[in-house]
Each structure stands twice: as C-alpha cells, then as structure tokens.
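Look over the sequence and the structure before reading the points.

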Amino acid sequence: MIYLDYSATTPVSYDVLESYNKATKDYMGNANSIHSLGVKSKVLLNSATKQICELLSINEDELIYTSGATESNNMALKGVALAYQNRGKNIVVSKLEHPSIYKICEFLETQGFEITYVDNDSDGLIDFEDLRNKVRSDTILVSICAVNSEVGIRQPLKTLRQIIKKENVDTIFHSDITQAIGKVPVNLHDVDMASMSGHKIFGPKGIGFLYKNSKVRLIPLIHGSGKFNDLRSGTPPLPLIVALSKAIRIALKDIESKEVSVKKLNDRICDNLSKYEGIILNKTKYSIPHILNISLSNIRPETFIHAMEEEEIYLSTNTACASGDLSTSVMALFNDKDRATSSIRISLSYVTTNEEVSKFLSIFKTKYEELNNLKSKEN
Ligand code: PMP
C-alpha cells in the first residue's frame, strides 16, 4: 500500500499507541476522583499537559482538550460569539477555511451575527489591505486558517495578527492550525486561539485541543461538573491525552529537516506531473510541500482515485471533508470552475519514501494513460 492521504488522517505511530495502551492498562482511575487511583491518573494527566504546554510554550490554563479540530473550531467561534456579542456581531473569515468553519458561520448568521469574507490574492495570500478594511470596531473575531487543507496555502500569522490588532486591539484572532502543526513551525503567540486534531499528526482520532490565550473569555459549549475544566466538562480521556502529548512531541521534533525532505518529494512529483498535458498543478508559492493539489482535465477525480486504489494507492478528492463536488479553495484561488471540480489531493508526510513516490509516479502514468485512452474511445 502507498498511502498519500496524510492530510485526511495519519496512522497512529507505534510509540503513540504504546503510550495509549499503557495509560489504558495502568491508569484506570478517573482523574477527577479523590482516591489513590484517581490521584495516580491525575498525576499522569498533569504531566502530559505540562509536556504539551512546554512544547508549545503556552500556559497550562490556556489548553482545552476537545475531540478534535471540528469541536475546537465550534468552541472558538461560538464561544467567542456568545461571550462578546454585546461588544459587536461581526466576524471575519477567509475564503480558504475548512468547511467546519463555514458551517459554524452559517449557524452564527442565523443567530444574528454578520460574517465578512476577507479576500486573498491570486497566490492565496490574505489581502492585507482588505483585512485592514474589514476589521471594524464591531469585529469581535477574525478566523484564518494557518494552512489551508485543500491547496496547502500557508498564511503569515504574525503579520495578520499585527494588522488585526492595529485596526482593533480587542478583536480576537483565531487560527485553525490543524494542517500546519507538525508540518511547519507554528508560534501560538501569533494568535489568541488555535484549533487542532491529534489524528493529523500520527495521534489517535477523537482528541485535539483548543489553545486559548488567558485573556480570551469563552462561553462553553459543553456544560457539566467543571471539575476538570469548566470550559469543557466531562471525564478527561487520559489515554487519548497521553497519546496526544506523545504525538505532539514526535511531530515537533526536527520539523525543519522533515519539511525539507517532504519538499524534495513534492518537487519530484511536480517535475514529473507537470509534463502531462491534461494536468494542472494547483499550487502557488505559499503552498506547503505536504499538500499537492492537481486538476485532471479529462478524468473525473473519483474515477481516478478508485483506479489508483485498485493498485493500493490512496489519494483524496478535494471533497474528502467538503459536502459539494467543487473545491472551494481551488475556486477561491483560481476562479475556474472546471479546475475546481476536477481536483485531487496528494498529501505527503515525512514518512513518505522516495521508493513510494517512484511507484506512485509509475502507476499514475499507467492509470492516467489507460483512463485517457478509454475517454478518447468513448468520444
Ligand atoms: N480543520 C482543518 C484545516 C482540517 O483539515 C480538518 C480535517 N480535515 C478539520 C479542521 C476537522 O478535523 P476533525 O475532522 O478531526 O475534527
């Protein structure tokens, strides 16, 4: 099997699973219980949290565990909207967000909030002037993805923060860092809030976090005993948290050199695929090397993905997380409907090897030619 869908999810790494198993077997107590089993679990919980916070250079009261990025995005947007609605009802988002952000925005619109979309340039970079104009005195929140999930566009969070805060120092800046963390360096001090999912960095599914700067107030989505965290009640899922801490530690180790190795693989694929007449590379100078989006002019993306799957090569349509058959990100970037409905995503990891890329390219050629020949016969 050649797995090239690492931006959809990753396998749980061996060490992470070991940590998960050990925490499950040896720490059965509820970390909220006051007896010795609970205390033992609480000690482990505190040490996992401490490790995550040290790795991310944040304070322990700034980390809220969630089930993953979708929940974190909900907590960030709805939580801020509810907490600050008396200050204003305007929220600014980019045109390169994950569908979960747009769905939350649609809901907030039904609750009387106004959503404003900030433009990007043709390379995907947020239009700084437009952002300046769109942050108003009643803008309570700006949410801009650190790395876009479909085309991999990376935004300069520090610069965006400076622009936002200069226009309105009270506007909260949230970023969905799900596709950035573990791939490129992220400084959480560039934002006020950040969302992520552990399963994108070789951690288990069902755990993630919301980072929330201590100055930001939130109304919780999940009310309960509040024993562990009053912003997200419930028994802490200790094995998942321990596994997340291990996954983050591994993900951040040697991040720059891992990125260099992924870039070499991406360059090889791009050099090869750019020779095909019917293939367009949907990348710009801001695309990170881990996400390579291409459009196939003659073949339906689903047909191609299933053809590759016959050879145990796993890719993604742009719509793995979206509901329609049009890539909103490709559309926002290139404003070309054909290109946006025919795109597929090849996503790489630092564990991807040169041999896998060679095999992928060779099978790609065979399948592409086969399907193109079929198409010409049909016509
Ligand atoms: N944000 C981004 C940028 C993503 O890529 C994803 C996953 N595709 C999510 C949010 C949602 O993550 P999850 O499904 O783990 O909640």
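The angle between two helices is taken between their N-to-C directions and runs from 0 to 180 degrees, with each axis being a line fitted to C-alpha atoms over the stretch in contact. The model discussed here is predicted.

**Helices α1 and α7**
- Helix α1 covers residues 14-26 and helix α7 covers residues 238-252; their axes are 8 Å apart, at an angle of about 155°.
- Angles over 145 degrees count as roughly antiparallel, and α1 and α7 are therefore roughly antiparallel to each other.
- The crossing of α1 past α7 is right-handed.
- On the α1 side, the contact is made by Asp15, Val16, Ser19, Tyr20, Ala23 and Thr24.
- On the α7 side, the contact residues are Pro239, Leu240, Val242, Ala243, Lys246, Ala247 and Ile250.
- Sorted by class, this contact of α1 with α7 holds 9 nonpolar, 2 polar and 2 charged residues.

**Helices α3 and α4**
- The axes of helix α3 (residues 69-84) and helix α4 (residues 99-110) cross at roughly 30° and come within 9 Å.
- This angle makes α3 roughly parallel to α4.
- α3 passes α4 in a crossing that is right-handed.
- From α3, the residues Thr70, Asn73, Asn74, Leu77, Lys78 and Ala81 meet Ser100, Ile101, Ile104, Cys105, Phe107 and Leu108 of α4.
- The contact of α3 with α4 consists of 7 nonpolar, 4 polar and 1 charged residues.

**Helices α9 and α12**
- Helix α9 (residues 301-309) and helix α12 (residues 354-378) have axes that come within 10 Å and cross at roughly 130°.
- That angle makes α9 oblique to α12.
- Where α9 passes α12, the crossing is right-handed.
- By class, 8 nonpolar, 1 polar and 1 charged residues make up the contact of α9 with α12.

**The ligand**
- The ligand is surrounded by 11 residues, and the closest are Thr70, Asp176, Ser197, His199 and Lys200.
- In the side chain of Asp176, an N or O atom is 2.6 Å from a nitrogen atom of the ligand.
- The side chain of Lys200 has an N or O atom 2.8 Å from a nitrogen atom of the ligand.
- Ala69 takes part through its backbone, where an N or O atom lies 3.5 Å from an oxygen atom of the ligand.

Key. Residues numbered from 1 in each chain as written. Predicted model: local features only at pLDDT ≥ 70, side-chain atom pairs only at ≥ 80, totals over all residues. Heavy atoms only, no water. Helix = DSSP H or I, 4+ residues; strand = E, 2+ residues; numbered from the N terminus. Parallel < 35°, antiparallel > 145°, perpendicular 65-115°, else oblique. Left-handed = near helix turned anticlockwise from the far one by under 90°. Contact = heavy atoms within 4.5 Å. Nonpolar A, V, L, I, M, F, W, Y, C, P; charged D, E, K, R; others polar. Near = heavy atom within 4 Å. Polar contact = N/O pair within 3.5 Å; in protein donor to acceptor, adjacent residues only side chain to side chain.
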